[in-house]
Amino acid sequence: HVITVSEHWRQALIERGVPAHKCSVVMNVADERIFNDSGDNGAGSSDSSKFRLIYHGTIVQRYGLDLAIQAVERLRHEIPNIQLYILGKGDHIETLVKMTQEMNLGDHVTIVKDMRPTEELPGIIRSAQVGIVPYRDDVFTDGLLPTKLMEYAALGLPAIASRTTAIEAYFSDTMVEFFNPGDVDDLARCIRTLWNSPERLLELAQGSKNFKQRHNWGKVSADYVALVDRLGTQYV
């Protein structure tokens, strides 16, 4: 039996020869014991004097963080309090540091070269007004359902994300502000839209709860245990 993390990859595996009845999905959703909107897990609070975007996780070229930096550069005069906070490690990080320096964005872009324990992430994430997942669209990223996006949803944080196949299969326009992958102008448009519209921010925060209700670790873990139990019985 094959277990994969999204219906997108399940269908890909079936197309490549795995029998449908031998392939199941166990989503890598956020653990609501840690990522919840109760504010009881050491959460920080956002600074209302800043409009902060946050990204946390692996930093590689295909994840599009250079596009996010370019969008901030285009908006910094229009949105003087804009901030981009990047937390993570990866082989593209020095390129981003260099970009930030060359564009004189030291007051607007913060890059922290670190991976923090999962339990610390909710507080860090809550310091922002918007999560950002600016993936480029290629054969790899088109099938990714980012864990970070599900963590933003679990915390009720509005998010901007690339309109890729896997993301659009699970998130709607009422849950995420979509932009066309690789399009800096469209990404800047999304940032501007959310900066200008507290109502849209609230709509996305409310919409993310719909995702959380359908896809949460309580349900997913129960299905996973039932699957393993069934397979164990089947192959005894």
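Trainee: What makes strand β4 (residues 82–88) mostly covered?

Mentor: Seven of its seven residues are buried. Buried means under 20% relative accessible area with a 1.4 Å probe, protein chains only. A strand here is a DSSP run of E, at least two residues, and a helix is a run of H or I, at least four, numbered from the N terminus. This is a predicted model, where local features need pLDDT of at least 70, side-chain atom pairs count only at pLDDT 80 or more, and totals for chains, interfaces and linings use all residues. Residues are numbered from 1 along each chain, and side-chain values use heavy atoms, leaving out hydrogens and water.

Trainee: Which residues point which way from β4?

Mentor: Ile82, Leu84, Ile86 and Gly88 go one way, while Gln83, Tyr85 and Leu87 go the other. In a regular strand, side chains alternate between the two faces of the sheet.

Trainee: How do you know that β3 and β4 pair?

Mentor: Pairing takes at least two DSSP bridges. β3 (residues 51–56) and β4 have six, in the parallel sense, so they count as paired.

Trainee: What does Leu53 touch?

Mentor: Its contacts, meaning heavy atoms within 4.5 Å, include Leu84, Tyr85 and Ile191.

Conventions:
Buried < 20%, exposed > 50% of the residue type's maximum accessible area, 1.4 Å probe, protein only. Lists of a residue's contacts leave out its neighbours within four places in sequence.
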